[in-house]
Amino acid sequence: MFFSLVAGFILTSSSLTLLFLKMYPEKNSWNCGNTLDLESLELLTENTLNTLVTMVEIRDSYTVKHSSNVALYAYNVAKKMELTDVDCANIYMGCKLHDLGKIYISDEILTKPSRLTEEEFNIVKDHPIRGHQIVSKIKVFQNTCIPDIVLYHHERVDGSGYPSGLAQDDIPIAARIVAICDAYDAMTTTRSYRKAMEPEMALETIMNQSGKQFDPIITQVFIECIRNNHMAPVRPPIFGTSDKGSLNKT
């Protein structure tokens with residue numbers, strides 16, 4: 001049922017995009033320097049995002065809360081790193097969707113009250129590819145860092161991550177930011193098979209993995225934000241469409 005729902009949504013989203021372009025041919029530019037009517041694009045993107053997030057929420061309420069926490073952390077880290085408003089907005093949205101591929105995972109694995117077997121974990125490790133297959137087909141997300149976040153947020157700077165085994169700067173910076181925020185929230189959240197780790201212990205774990213699992217510079221920024229309480233509440237930002245974003249893909 002979920003596979004049909006996802007496929008149907010992708011077709012609907014594509015149809016809406018084509019309809020929009022036919023109605024407004026003078027605005028037919030979807031790259032970094034586009035001139036789309038922002039109100040129309042914002043509405044289309046908001047509906048797209050809400051539909052995708054609802055898919056995740058139906059499957060696993062933990063994933064939705066987790067994605068919101070990661071979005072909060074990553075947005076503030078990106079702001080601290082002085083990335084553009086467009087990049088910060090796209091990183092926020094990418095975080096909301098980073099675990100989208102988990103809608104393909106069975107309930108038996110997704111909500112298992114004990115640690116996963118190696119075989120089950122290998123199934124879970126497919127979720128970045130699965131999620132990327134969805135978001136990469138949505139026109140308004142193309143030429144942004146959002147597909148990169150979904151696909152590469154489990155890569156590690158030492159090359160031991162998945163799904164592609166990228167290392168160092170080959171991992172897009174947005175994905176490197178999200179990787180740290182994703183890990184921290186996972187460690188500090190109670191799950192059915194383990195208790196939450198104390199924040200300071202989680203920070204020590206992250207520091208120990210600096211240069212291995214995590215980018216050293218981003219690690220320093222993240223720890224500073226957490227310890228100095230620089231994780232300000234975020235009003236969901238408008239999706240970035242300006243040509244000022246440095247992380248947009250070409």
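Figure 1. A nonpolar core here is a set of buried Ala, Val, Leu, Ile, Met, Phe, Trp, Tyr and Cys residues joined through side-chain atoms within 4.5 Å, and buried means under 20% relative accessible area (1.4 Å probe, protein chains only). Helices are DSSP runs (H or I, at least four residues), numbered from the N terminus.

Residues are numbered from 1 along each chain as its sequence is written. Because this is a predicted model, local features need pLDDT of at least 70 and side-chain atom pairs count only at pLDDT 80 or more, while totals for chains, interfaces and linings use all residues; side-chain values use heavy atoms, with hydrogens and water left out.

**Figure 2. Zooming in on Tyr-184.** Setting aside neighbours within four places in sequence, Tyr-184 is in contact (heavy atoms within 4.5 Å) with Tyr-73, Pro-199, Ala-202, Leu-203, Ile-206, Phe-222 and Ile-226.

**Figure 3. The largest pocket.** Here's an open space with a volume of about 1100 Å³. On a 1 Å grid over the protein atoms alone, a pocket is an open set of points where a 1.4 Å probe fits, with protein on both sides within 12 Å along at least five of seven lines, and lining residues have an atom within 4 Å of a point. The volume is the space filled by probe spheres set on the points, which are joined across faces, edges and corners. Of the 37 lining residues, Phe-121, His-154, Tyr-162, Ala-186 and Tyr-193 lie nearest the centre of the pocket. Helix 9 gives the most to this lining, with 5 residues.

**Figure 4. One side of helix 7.** Which residues of helix 7 (residues 127-135) are buried? They are His-127, Pro-128, Gly-131, Ile-134 and Val-135. These residues sit on the same side of helix 7 because they cover an arc of only 120° around the axis, taken from the directions from the helix axis to the C-beta atoms.

**Figure 5. Ser-210 in its loop.** Ser-210 lies in the loop between helix 10 (199-208) and helix 11 (216-227).

Technical notes: Buried < 20%, exposed > 50% of the residue type's maximum accessible area, 1.4 Å probe, protein only. Helix = DSSP H or I, 4+ residues; strand = E, 2+ residues; numbered from the N terminus.
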